[in-house]
Each structure stands twice: as structure tokens, then as C-alpha cells.
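Hello,

Here is the structure I promised to pass on to you. Have a look at it first, and then read on for what I found in it.

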Amino acid sequence: MGTVPSALKHCLSYQHLLKEQPWIGEPVPPPQPGQESQTSGLPEYIKIVEVGPRDGLQNEKVIVPTDIKIELINRLSKTGLSAIEVTSFVSSKWVPQMADHNEVMRGIERHPGVRYPVLTPNLQGFHNAVSKRLYSMGCYEISLGDTIGVGTPGSMKRMLEAVMKEIPLSALAVHCHDTYGQALANILTAIQMGVAVVDSSVAGLGGCPYAKGATGNVATEDVIYMLNGLGINTGVNLYRVMEAGNFICTALNKKTNSKVAQASFNSGTIN
Ligand SMILES: [Zn+2]
């Protein structure tokens, strides 16, 4: 494991995966003198904003019991994630899944170093004008949402080029859905352009409101796996996120949408 970048060394699951299925992980070799690093131009650290307990569960058909939500958030708090969207203070008339927001806020254990935002502006589509107004209103982090998942790396690039004229990159996050299977490619495009905050949902929780049975939020596990492979530090332990994903999928009696979790469970590298 001598060539595994240090960012990967704490990640049990990745090591397991590499050991048992060496073909899936091509560790980044250290750059030779005079040779450009494979990750040059990419941010060294990416902040992952976990949206599963809010955006994810809000778009699940079943209403999840409050104690299960609290347990999920408590487990996610121990993964190294620095931001976990926990609930939404919207009317229970519109979003019955979030009617227990007070109980959830009261019930969770708050870990030092973890922020628990209750709502992130989630723009429908790519509207620069709206983003600019939010920024001038004092929003320090604007999450550009492709919530119907139709974007491609091409449209992501064009959208970011337009938004970057109005808003500093440091204030931008991306929120990609995998409905058309483009989420990881879109995220990679965004981070290549310098975006360093990515929204994702444990186990890919949250369906697509427009297409029955289609995938919604990109899975946190899959994003971390990709970033680990690029040698980018997230501070998050992939193995623990997979355990949290397994917990909520068991509670909801559903299959995970994370490809990484599916591969790991099937090959017995977790359990
Ligand atoms: Zn979403």
C-alpha cells in the first residue's frame, strides 16, 4: 500500500476494496520530479454537505419515525462529515416528512466540528440572477441544484462559467441528482473548475420527484469513493458512511442507491 495517498490511509473500506478487488482502485502514484501531479488544479479538500436526513428523507415515500432520523443523524455525525442537513422548517402541510423538525433538532447529539443546517437554498435549475441575489443578501454558500438530474458535464461547465462571473467560487456548492446517471461526471467537472463544496445523500436517499423509481440524489459513498481515488481529502470515513447507509436502508426496507455500497456488500467487504 506504499503508493496509496495519505488521504486514503484512514479509510478502512477503501483499503478493503483495494485488497480484495485490486482492479477497482488505481492509487494515484506520487508525481515524479518535473511531472505534473494527476490531481493538479483540483481542490485539495472538498467539503461534503450530507443532505440525506433532509432532502433525502423528504423525497422518500414513507414517513420515517423520528427516532430513526435521530439515530441516522447521530451515526452520520461520527463519520467525519462537517455539515449535515438535518431537517426543514417548512409547513407540515406541504412536507409531512419534516413535521417532526423540532423533535429532531432537540433529539440529536451535537458533535463539535459538525454544523447542522436546517435548510440550504436549493435552486430549481440554474438561475444566475437568483444566485446573485442570494449572495448579495448574505448567503455565504449557494448550492446550485440540478434537482432533476438532466445536466451533463457540458451544461455544468457552461452554467458554472456564467455563475462564476457573478459569484466567487468559494461561495458555490453543487447539488447533483443522478437521474440520468450524470451526477459523478457533473461533480468532477465542477471540482475541476474549482468548486470545493458538494452536496450528497447517504445511500442516495431521496427519489426523483419527476420519474418513478429513478435515482435522485447522488450517493455520498460514491462521491467519497471518487474523491478518495483522486487523492482529495474529505475528512470523511467511507466505511462509517456505508454503515450509516446500511442502517437507514434496513430501517426503510429498501436497497441502497450507492453503487459503492452495493459492490461492497455484494463482495462481503463490509459486515
Ligand atoms: Zn437533492
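Let me start with strand 3, which is covered on both faces: Ile142, Leu144 and Asp146 are buried on one side, and Ser143 and Gly145 are buried on the other. With 5 of its 5 residues (142-146) buried, strand 3 is largely enclosed by the rest of the structure. Please keep in mind that this is a predicted model.

What does strand 3 pair with? Its partner is strand 4 (residues 172-176); the two run parallel and are joined by 5 bridges. If you want a place to start looking at this pairing, Ser143 sits opposite Ala173 of strand 4. Helix 7 (residues 153-164) belongs to this part of the fold too: together with strand 3 and strand 4, helix 7 forms a right-handed β-α-β unit.

Of its 271 residues, 41% are buried. Among contacts with a separation of 6 or more, 72% are between residues 24 or more positions apart.

Next, a pair of helices. Helix 9 and helix 11 have axes that come within 6 Å and cross at roughly 90°. An angle of 65 to 115 degrees counts as roughly perpendicular, and so these two helices are described that way. On the helix 9 side you will find Glu221, Asp222 and Tyr225, which meet Lys259, Val260 and Ala261 of helix 11. The residues of this contact split into 3 nonpolar and 3 charged, with no polar ones.

Most residues other than glycine have a negative phi. Ala203, however, has a positive phi near 60°, and Asn253, also not a glycine, has a positive phi of about 55°. Ala203 is in the loop between strand 5 (197-200) and helix 9 (220-229), while Asn253 is in the loop between helix 10 (238-252) and helix 11 (259-266).

Are these two residues buried or exposed? Ala203 counts as buried, because it has 28 C-beta neighbours inside 10 Å and 20 or more are needed for that. Asn253 has 7 other C-beta atoms within 10 Å and is therefore exposed, the limit being 12 or fewer.

Best wishes

Technical notes
Residues are numbered from 1 along each chain as its sequence is written. This is a predicted model: local features need pLDDT of at least 70, side-chain atom pairs count only at pLDDT 80 or more; totals for chains, interfaces and linings use all residues. Helices (H or I, at least four residues) and strands (E, at least two) are DSSP runs, numbered from the N terminus. Two strands pair if DSSP finds at least two bridges between them. A crossover is right-handed if, with the strands pointing away from the viewer, the path from the first strand over the helix to the second runs clockwise. Axes are lines fitted to C-alpha atoms, for helices over the stretch in contact, and angles run from 0 to 180 degrees between N-to-C directions. Angles under 35 degrees count as roughly parallel, over 145 as roughly antiparallel, 65 to 115 as roughly perpendicular and the rest as oblique. Two residues are in contact if their C-beta atoms, placed from the backbone, lie within 7 Å. Ala, Val, Leu, Ile, Met, Phe, Trp, Tyr, Cys and Pro count as nonpolar, Asp, Glu, Lys and Arg as charged, and the others, Gly among them, as polar.
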